[in-house]
Amino acid sequence: MDAVQAANAGHPGTAMALAPVAYLLYRDVMRHNPADPAWPDRDRFILSAGHASMLQYAALHLSGYDLPLDELRRFRQWGSATPGHPELGHAPGVETTTGPLGQGFANGVGLALAERFLAERWNRPHHEVVGRRVYAICSDGDLMEGVAQEAASIAGHLGLGGLVYVYDDNRITIDGATTLTYDTEDKGARFEAYGWHVQHVDDSEDLDALRAALAVAAAEESRPSLIVLRTHIAYPAPHAVDTSKAHGAPLGEAEVRAAKEAMGVDPDLTFHVPDEVYAHMSAARERGAAAQAEWAERLAGWREAFPELAADREAAYRRRPRNGWLEALPSFPAGKELATREAGGAIMQALKPFTPTMVGGAADLAESTKTEFEGAGVFSATHAGRNIAFGIREHAMGAIVNGIALEPAMLKPYGSTFLIFSDYMRPAVRLSALMGLETLWVWTHDSVALGEDGPTHQPVEHHAALRAIPNLWYVRPADANETVLAWRLALERRGGPVALALTRQKVPTFDRSEVAPAEGALRGGYTLWQSGEGEPDVILVATGSEVALALEAARRLDANARVVSLPCWELFAEQPDEYRDDVLPPEVRARLSVEAGISLGWERWVGDSGDCVSIERFGASAPGPTILAELGFTVEAVAARAAALLERVS
Ligand SMILES: Cc1ncc(C[n+]2csc(CCOP(=O)(O)OP(=O)(O)O)c2C)c(N)n1
Ligand SMILES: [Mg+2]
């Protein structure tokens with residue numbers, strides 16, 4: 001109450017009403033050690049209803065995490081550890097960034113999946129070293145969001161025990177009571193239908209009932225658990241209780257005093273924590289230290305009994321592909337035409353033995369996106385294989401993959417679908433970038449050239465839309481060998497996600513004795529070819545499948561023409577000025593971009609005098625080559641555009 005009041009912004013009501021459950025979880029229930037927030041086998045806590053962040057900050061502070069009261073005083077202020085919504089990397093004990101409703105819910109499913117995978121990999125009878133649970137608090141908004149419904153559906157299908165979700169059934173959202181929007185449906189029954197184990201606790205102040213329900217939920221091994229907890233927002237504030245106003249506005253001085261009086265706390269004191277409270281809450285630290293010590297002992301015994309597993313575990317936590325992986329990457333012979341998605345599939349098979357904790361899958365399109373570790377098993381209710389069949393649940397796939405990436409022993413989890421459906425998962429992709437997660441997004445069918453499926457399936461604005469997300473590397477390799485380097489970038493990148501945009505259609509594999517080595521792709525962009533020496537007259541800059549087209553067009557020009565392949569703008573932009581100026585000399589004003597998508601953003605590379613061969617409309621249903629021809633993506637048309645540009649600027 002005081003923190004929200006001090007910030008004059010925030011969400012007091014939900015945090016207040018949920019205090020009893022947070023108290024139980026942090027003090028008595030969860031296996032966690034406030035002194036070591038990175039303990040690998042800790043239970044994970046996710047506040048999916050991230051707007052109630054003060055609940056988590058208060059719980060972290062009181063249970064002894066390194067989050068001083070001063071940080072609670074600085075709630076929502078610049079540079080504080082207590083941002084408006086919990087953000088990964090700010091306060092210790094915050095496991096994921098939440099706020100966009102439903103995302104945290106689905107992140108938890110990813111964490112549970114990772115747990116299941118590691119448990120199967122490392123646990124042996126009488127030697128269990130992986131055994132944590134995921135606790136989450138979710139709200140009406142969380143449960144209404146589609147992403148949570150997708151995630152709940154797959155969690156039920158996979159029988160993910162170890163998920164203990166508490167649903168804050170306060171029957172209030174921002175715009176009023178849920179009679180407005182969410183009254184007809186029986187939420188518990190819905191979750192039962194998903195295959196969840198559902199319990200009801202009707203009084204959120206009844207600690208015994210809550211404790212009992214949490215214990216039953218935690219013991220449920222083969223089904224995810226939901227506890228429907230009836231709460232009253234802002235309880236015990238006498239006037240704010242059960243009102244939607246208590247959701248997002250400070251209570252006001254008078255109401256804060258009244259609430260403190262109702263609890264028997266001195267209303268004149270703010271940010272006051274009596275010593276008895278700290279003493280009482282110190283049980284969390286004691287319990288945590290004991291639990292971690294007991295686990296460490298078990299781990300030591302396990303290490304001794306299973307040295308090979310121990311070595312495997314150590315390698316997994318290094319979060320790099322196993323030694324030898326670079327040498328194992330394929331190289332593709334020139335002359336053969338190969339779709340970059342096909343190359344991607346071959347690369348994955350080569351990587352398979354070197355990436356044993358890399359898991360992922362597609363949203364029912366694995367056959368099309370070629371993103372399977374062949375023979376590595378399917379993740380099911382009974383076996384934690386490396387291939388996850390996400391079903392047609394792109395949004396949850398994104399958020400689940402993010403959740404897997406939150407587990408440091410998992411390597412570069414990935415999710416895959418057609419590029420067009422990146423839209424269906426975009427909020428999760430954005431969060432992967434915001435959190436700096438090491439996820440991998442593989443999107444194929446990356447242009448109108450996919451053909452007959454038509455404009456509903458043909459991305460045109462997507463390259464630009466995805467490049468607009470800060471900290472996401474968007475890589476569109478030109479041929480099979482650039483695809484190898486794109487995968488290498490994806491596996492080597494630290495601190496953020498990588499997206500691969502791959503073709504459905506075949507593209508030529510360049511003869512690297514005629515053009516520059518593909519390794520230039522490791523710098524994001526490079527000069528692929530030039531007809532003459534010295535400074536070029538004209539530069540054609542292209543990505544992906546349009547690089548071959550640009551090359552053919554450039555060969556026809558009666559000028560000193562250069563072709564630049566620019567598979568990853570973000571990485572190229574990070575290169576030193578000298579390198580970038582060497583590839584795209586500022587003096588050369590005749591620059592033409594060639595990319596099957598909107599031109600938005602290309603001015604950055606082609607400059608004020610440049611031109612763009614682009615697509616400023618939706619695609620069409622026809623064979624790919626016809627569409628490309630109709631839209632100006634032919635050798636003749638591109639060469640003509642380049643020639644016209646050259647004439648205009650010289
Ligand atoms: C995806 C998304 N849409 C909208 C919002 C804005 N918003 C924050 S909380 C909320 C709903 C509040 O209702 P509920 O989830 O029941 O939380 P309560 O008020 O009960 O704490 C909304 C719409 C959001 N955070 N995320
Ligand atoms: Mg609510």
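A residue is classed as buried if 20 or more other C-beta atoms, placed from the backbone, lie within 10 Å of its own, as exposed if 12 or fewer do, and as partly exposed in between. By this criterion both faces of strand S2 are covered in the predicted model: Val134, Ala136 and Cys138 on one side, and Tyr135 and Ile137 on the other, are all buried. The model is a prediction in which local features need pLDDT of at least 70 and side-chain atom pairs count only at pLDDT 80 or more, whereas totals for chains, interfaces and linings use all residues. Residues are numbered from 1 along each chain as its sequence is written, and chains are lettered from A and ligands numbered from 1 in the order in which they are written.

The domain assignment divides the protein into domain 1 (2–292), domain 2 (325–508) and domain 3 (524–649), the bounds being those of an automatic or database assignment. Between the C-alpha centres of domain 1 and domain 3 the distance is 51 Å.

Strand S2 (134–138) is joined to S1 by 4 bridges, and the two run parallel. Across this pairing, Phe45 is opposite Tyr135 and Ile46 has Ala136 as its bridge partner. Towards strand S3 (residues 163–169), S2 pairs in the parallel sense over 5 bridges, with Ala136 opposite Tyr165. S2 is largely enclosed by the rest of the structure, because 5 of its 5 residues are buried. In a regular strand the side chains alternate between the two faces of the sheet.

The loop between helix H6 (103–122) and strand S2 contains Glu128. This residue is partly exposed, with 15 other C-beta atoms within 10 Å. The C-alpha atoms of Glu128 and Pro100 are separated by 35 Å, although the two residues are 28 positions apart along the chain. Elsewhere, a cis peptide bond with omega of about 5° joins Tyr235 and Pro236; Pro236 belongs to the loop between strand S7 (225–230) and helix H11 (245–248).

Ligand 1 is surrounded by 18 residues, the closest being Thr14, Ser139, Asp140, Gly141 and Thr173; a residue is assigned to such a shell if its C-beta atom, placed from the backbone, lies within 6 Å of the molecule. Helix H7 (140–144) and strand S4 (172–173) each contribute at least two residues to this shell. By class, the shell comprises 7 nonpolar, 8 polar and 3 charged residues, where Ala, Val, Leu, Ile, Met, Phe, Trp, Tyr, Cys and Pro count as nonpolar, Asp, Glu, Lys and Arg as charged, and the others, Gly among them, as polar.

Helix H14 (residues 307–318) has 12 residues and reaches 17 Å from its first C-alpha to its last, close to the 16 Å expected at 1.5 Å a residue; the expected span is 1.5 Å times one less than the number of residues. Just after H14, Arg319 adopts a positive phi of about 60° although it is not a glycine. Arg319 lies in the loop between H14 and helix H15 (325–328) and counts as partly exposed, with 14 C-beta neighbours inside 10 Å.

A further open sheet, of 6 strands with parallel pairing, has the order S10-S9-S11-S12-S14-S13. Strand S10 (387–389) and strand S13 (473–475) stand at its edges with a single partner strand each, so one side of each is left without a neighbour in the sheet. Strands S11 (residues 414–418) and S12 (residues 440–444) pair in the parallel sense over 5 bridges, and Gly415 stands opposite Trp441 in S12. The loop between S12 and helix H20 (462–467) holds His445, a non-glycine residue with a positive phi of about 60°. His445 is buried, with 27 other C-beta atoms within 10 Å.

Methods. Pairing = 2+ DSSP bridges.
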